[in-house]
Amino acid sequence: MGTEGNGIFTEHTEANKYSYPKSDNDKSNDEVYELKEDSQRDTPDYKIENGDIEETELKRNLKPRHVTMLALGGTIGTGLFIGIATPLQVAGPVNALIAYIFIATLAFSVTQSLGEMATFTPISGSFCVFNTRYISKAVGLANNYLYWWSWSITFAIELSIIGQTIQYWTDAVPIWGWILLFYVILLGANFFSVQYYGEIEFWIASIKVIAIMGFIIYGICMVCGAGITGPVGFRYWRNPGPWGPGLYVSNTNTGRFLGWLSSLINAAFTYQGIELTGIAAGEAANPRRTVPKAINKVIFRILIFYITSLFILGLLVPYNDPEFESTSSYIASSPFLIAIKNSGTPVLPDIFNAIVLSTVISAGNSNVYVGSRLLYAMSNSGLAPKIFARTNTYGVPYLSVFVTSLFGLLAFLNVSTDGVTVFNWLVNIAAVAGLIAWVCISVAHIRFMKALEWRNMSRNDLPYKAKWMPWYAWYSAIAVTIITFVQGYSVFFEFSASEFFTAYVSLILFCVMWLGAHLYYREGLYLSVEDIDLDTDRKEIDMLVWEEPKRSTVWHKFWAIVA
C-alpha cells in the first residue's frame with residue numbers, strides 16, 4: 001500500500017519518524033502509517049481556496065538542541081550584557097541579586113504553565129493561540145497584536161544597536177549604513193528553512209553560553225586575586241556597600257526600596273524571551289518530548305547564568321564606579337566590560353564587544369522569526385487576514401516574515417534627533433508587552449486547568465504536568481500584573497504627560513484594543529468553561545506517534561545530553 005489521502009502518509013518503515021493510526025476506529029489494526037520527511041513528500045501541505053493551491057503548513061524541522069538554544073539565545077542578550085548595569089548602580093549588588101531571584105520565581109512559573117499547555121497542544125504561536133481559546137477572543141486579539149508588535153519593533157531596536165556596537169572599533173561607516181546592510185541580511189535569512197535558522201541560532205547561542213561560562217570562571221579567578229586589584233573578595237560589599245544609593249527621596253530606606261523596585265522592573269524586562277520555547281513548539285520534531293526538556297533545561301541554565309554572573313559582577317564592580325556613566329561607546333557602561341578593565345586584562349574588551357555584536361545580530365534574527373510565527377498563528381486563529389498563513393516550499397510564512405520585517409525600518413528613526421522621542425515610545429511598547437504576555441500565559445493556564453477539571457480530565461495524564469499548580473500560576477499572574485502597573489512609577493516623582501504616556505502607552509493600547517474587540521465580538525469578559533476549546537489541533541497530534549531516532553554516534557549522544 002503506497003499512499004493514502006494526499007500522499008503525506010506512507011507505510012511504516014525504519015526511516016520514517018512519525019506513525020499515524022489509520023483511523024480512530026481502526027487502532028487495533030497492526031498496520032501503522034507514518035508521516036514522511038519533508039524531502040520525501042509527494043505533495044506539500046496545502047489548502048485549496050478559490051481554485052488556487054496555497055501551502056499553509058510549517059515544517060517540523062527544529063531539533064531538540066535547536067529548541068533549547070532558541071529560548072536560551074533569545075533571553076541571553078543585551079539585557080544581561082548591558083542592561084544589568086542599572087540594577088547594580090541604583091540598587092547595589094545584594095538588592096539587585098534579590099530582585100533577579102524574585103523575578104526568576106515568576107519566570108519559572110510562566111515556563112511551567114507554558115510547558116503544560118504547549119505540550120498538550122503543540123502548535124505554532126503557542127500561548128498566543130491559547131489566549132484566544134482559553135480566555136477570550138478580545139484578550140487574545142489585544143495581547144497577540146501587542147506581543148507581535150513588540151517583537152517587530154524590537155527588530156528595529158536591535159538593528160540600531162548593531163551600528164552602535166560596531167562603532168566601538170570604527171565610525172567610518174554611518175549607523176544608517178549598518179542598519180540597511182543588516183536589515184537586508186536578516187530579512188533574507190528568514191526566508192530559508194527553519195532548520196537553517198535553528199542551526200544558526202544554535203551556534204550563536206553556544207557562543208553566548210561559552211562566553212558566560214568563561215566569564216564566570218574568569219570572574220572567580222579575579223575575585224581570588226588573579227587581577228591587578230589583588231584579592232577582591234567582598235571588598236565592595238563593605239565599601240561602598242551592598243545596598244546601593246537608592247532613588248528619588250532623601251530617606252535612605254525608602255530610597256533603597258525604590259532602587260530595589262527599579263531593579264525588579266529591570267529584571268522582569270531582562271528575563272523576557274523565556275517563553276520562546278512555546279513559540280517554537282509548532283516547528284519542533286516530537287514537541288511533546290522536546291518542549292518539556294527544553295523548558296526545564298533553559299530555565300535552570302538562565303538562572304545559573306544570570307544569578308551567578310550578577311553575583312560575580314557585584315563582587316568585582318562597586319555600584320559607584322564612574323564607568324557606569326560612560327557614554328564613549330554602546331558597551332562602555334557594561335559591568336562585564338568594567339570588571340574586565342578594572343582587573344587589567346588586555347584584549348578581552350574587544351572579544352567582549354564581538355560577543356555583544358553576535359548577540360545583537362542573533363537577537364535581530366530571532367525577532368523576525370518569532371514575529372512572523374505570531375502573525376502566522378493569528379492568521380490561523382482568525383485574528384489576522386488569511387493571506388499571512390501562506391508558506392513557501394520551505395514551510396516559511398513568507399508574507400508574515402516580510403510584513404514583520406518592515407517594522408525594522410523604524411530603526412532609522414533613531415538616526416535623527418527628532419525621531420528619538422518616537423523611537424523611545426516604541427521601545428517602551430516592546431518592553432511592557434512582554435509582561436502583559438506573561439500575565440496572559442498564567443491566566444490562560446488557570447482557565448486551561450479549569451477546563452480540564454470540568455471535563456474530568458486528570459492533569460496526571462498530560463504529556464507534561466506543571467509543578468505546584470494552580471496556586472503557582474495565581475502567584476505569577478498577580479505579581480506580574482502588579483509589576484506591569486508599577487513599572488512606570490518614576491514618572492510620578494517629576495510628573496510630565498509625555499513621560500507618563502511613554503511609560504504606560506502599552507497598557508493604554510492593550511485596554512483600547514481589548515475594549516474594541518470586546519464590543520466587536522460581543523462576548524463575555526471571559527469564555528465559560530464549557531466553551532473552552534481543548535480539542536482543535538490536539539487530536540491530530542494525539543494520533544501521531546514520534547519515534548526517537550537512534551543516536552548511534554558519539555556526536556549524537558553528546559548533543560542528546562547537552563541539548
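## Close-up views of a predicted model

**Overview. The protein chain holds 19 helices and 6 strands.** The model is predicted. Of the 563 residues of the chain, 57% count as buried. The structure holds 2 salt bridges.

**View 1. Arg459 and Glu116 form a salt bridge.** Their side chains meet at 2.7 Å, N to O. Arg459 sits in the loop between α15 (420-454) and α16 (471-486), while Glu116 belongs to helix α3 (residues 85-120), so the pair ties together parts that are 343 residues apart in sequence. Both partners, Arg459 and Glu116, are buried.

**View 2. Asp535 and Arg455 form a salt bridge.** The distance here is 3.1 Å, N to O, between the two side chains. This pair also links distant parts of the chain, 80 residues apart. Asp535 lies in the loop between α17 (497-521) and α18 (538-543). Arg455 lies in the loop between α15 and α16, the loop that also carries Arg459. Asp535 is partly exposed, because its relative accessible area is 25%, which falls between the 20% and 50% cut-offs. Arg455 is partly exposed as well, with a relative accessible area of 28%.

**View 3. Helix α3 packs against helix α9 (residues 252-270).** The axes of α3 and α9 are 7 Å apart, and the packing angle is about 60°. That angle makes α3 oblique to α9, because the roughly perpendicular range starts at 65 degrees and the roughly parallel one lies under 35. The crossing of α3 and α9 is right-handed.

**View 4. Residues from both helices make the α3–α9 contact.** On the α3 side, the contact includes Thr86, Pro87, Val90, Ala91 and Asn95. Further along α3, Ile98, Tyr100, Phe102 and Ile103 are among the residues taking part. From α9, the contributors include Arg256, Gly259, Trp260, Ser262 and Ser263. Leu264, Asn266, Ala267, Ala268 and Thr270 of α9 also take part. The residues of this contact divide into 13 nonpolar, 7 polar and 1 charged.

Conventions: Residues are numbered from 1 along each chain as its sequence is written. This is a predicted model: local features need pLDDT of at least 70, side-chain atom pairs count only at pLDDT 80 or more; totals for chains, interfaces and linings use all residues. Side-chain values use heavy atoms; hydrogens and water are left out. A salt bridge is a side-chain nitrogen of Lys or Arg within 4 Å of a carboxyl oxygen of Asp or Glu. Helices (H or I, at least four residues) and strands (E, at least two) are DSSP runs, numbered from the N terminus. Buried means under 20% relative accessible area, exposed over 50%, partly exposed in between (1.4 Å probe, protein chains only). Axes are lines fitted to C-alpha atoms, for helices over the stretch in contact, and angles run from 0 to 180 degrees between N-to-C directions. Angles under 35 degrees count as roughly parallel, over 145 as roughly antiparallel, 65 to 115 as roughly perpendicular and the rest as oblique. A crossing is left-handed if the near helix is turned anticlockwise from the far one by less than a right angle, and right-handed if clockwise. Contact means heavy atoms within 4.5 Å. Ala, Val, Leu, Ile, Met, Phe, Trp, Tyr, Cys and Pro count as nonpolar, Asp, Glu, Lys and Arg as charged, and the others, Gly among them, as polar.
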